[in-house]
Amino acid sequence: MSVTAVKRLLLACSLFPLAAAAAQLIGTVTLLEGSASMLRGTARYAAAEGVRLERGDILELGDKSLAQVEFADGTMIDLGPHSRLLALYYPGRATASGGGELFLLQGWMKLSRPKADPRVIVRFGTPCLELNTVDGVAVVQASESDTALYMEAGEGRVAAVTHSGHTEEPIRLKTSQFYSCKADQRGIVAQRAAHTFVTAMPRSFMDTLPSRLARFKDRSVAPRRTSDFTYADVQSWMKTTAPVRRAVATQWQGKVRDPAFRNAVAANLKDHPEWDRLLHPEQYETAHGSKPEGPGGSEGK
């Protein structure tokens with residue numbers, strides 16, 4: 001490995017601590033109808049029932065697929081067709097309280113939360129909103145430009161989020177209330193779900209599916225590697241909100257060795273400035289060769 005490559009690796013680990021964290025199993029795919037893939041590291045894998053997720057994994061469902069994912073703290077997620085979900089953050093210990101976050105880039109998600117403690121996963125994000133401290137059941141439809149959320153049962157605290165990562169003051173959402181927001185705009189609360197939301201919702205979301213986790217307690221299915229991915233395959237992840245951009249830069253830093261991927265990143269650097277340090281690590285060294293603290297004034301704070 002060249003000196004430049006070593007410097008790039010050390011710099012990336014200091015900027016993005018997630019890369020240095022040991023793999024941790026945090027959830028299990030307990031139901032899958034249709035096709036789904038999983039992005040882990042710099043490769044794509046075929047998902048299947050029994051596959052266990054690690055921190056930083058991304059699930060991407062096919063156009064006619066459905067999935068259920070169950071997490072260590074009892075959180076249960078149902079995903080609809082063409083959904084894309086990232087296990088953005090998970091504490092180092094499965095028994096830790098708080099800090100965990102899932103991010104839905106697009107598609108449909110139904111989340112069910114038990115009242116038992118400890119709560120490991122406490123935040124659920126989309127490109128437009130953040131949902132916290134959920135007690136009950138919520139249904140979310142997300143895209144890169146807007147999000148709608150229906151609180152089916154219980155309550156949660158929801159806030160609109162800007163592209164730069166700024167979060168509005170959260171509001172309390174109660175049973176049967178409906179929240180919608182568009183990119184960089186304030187959210188709107190209604191007392192019932194919009195008709196278009198209800199008619200578009202996957203039929204499987206009409207009922208809460210029972211847990212299937214016990215079936216996989218002593219059985220883990222290894223995902224099958226299928227291919228690498230291109231910049232075009234993942235550019236939506238690289239151009240979304242700042243925390244997610246930093247997380248995927250951590251996961252995919254090895255892709256800078258792929259000339260086609262590197263060139264595409266460089267051509268679109270304004271959309272994901274976090275990658276500048278990975279492309280040009282030598283520019284971020286001090287006069288004595290040490291690495292500066294923090295993100296160095298890049299936009300991706």
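## A buried glutamate

Let's begin with Glu70, which sits in strand 6, a stretch covering residues 66-71. Keep in mind as you explore that this model is predicted.

How many disulfides does the model contain? The count is zero. Cys128 is in no disulfide, and the nearest cysteine sulfur, that of Cys181, is 4.7 Å away. A disulfide calls for sulfur atoms within 2.5 Å, so the sulfur of Cys181 is too far from that of Cys128 for a bond. Both residues are tucked inside: Cys128 is buried at a relative accessible area of 1%, and Cys181 is buried at 4%.

## Charged pairs

Side chains of opposite charge can pair when their charged atoms come close. Across the whole structure, 15 salt bridges are found. One of them joins Arg84 and Glu60, whose closest N and O atoms are 2.8 Å apart. This pair links distant parts of the chain, with Arg84 in strand 8 and Glu60 in strand 5, 24 residues apart. Arg84 is buried, with a relative accessible area of 10%, and Glu60 is buried with a value of 10%.

Arg172 and Glu155 also meet in a salt bridge, at 2.8 Å from N to O. Here strand 13 (Arg172) is linked to strand 12 (Glu155), and the two residues are 17 apart in the chain. Arg172 is partly exposed at 48%, and Glu155 is partly exposed at 29%.

Asp258 pairs with Lys255, with the closest N and O atoms 3.9 Å apart. Asp258 is partly exposed at 28%, whereas Lys255 is buried at 5%. Finally, Arg40, Glu54 and Asp57 are linked in a network of salt bridges.

## Helix 3 and its neighbours

Helix 3 runs over residues 231-238, and its buried residues are Tyr231, Val234, Ser236, Trp237 and Met238. What do these buried residues pack against? Their partners include strand 2 (36-40), strand 9 (100-113), helix 4 (242-251) and helix 5 (259-267).

How values were computed:
Residues numbered from 1 in each chain as written. Predicted model: local features only at pLDDT ≥ 70, side-chain atom pairs only at ≥ 80, totals over all residues. Heavy atoms only, no water. Helix = DSSP H or I, 4+ residues; strand = E, 2+ residues; numbered from the N terminus. Buried < 20%, exposed > 50% of the residue type's maximum accessible area, 1.4 Å probe, protein only. Contact = heavy atoms within 4.5 Å. Salt bridge = Lys/Arg side-chain N within 4 Å of Asp/Glu carboxyl O.
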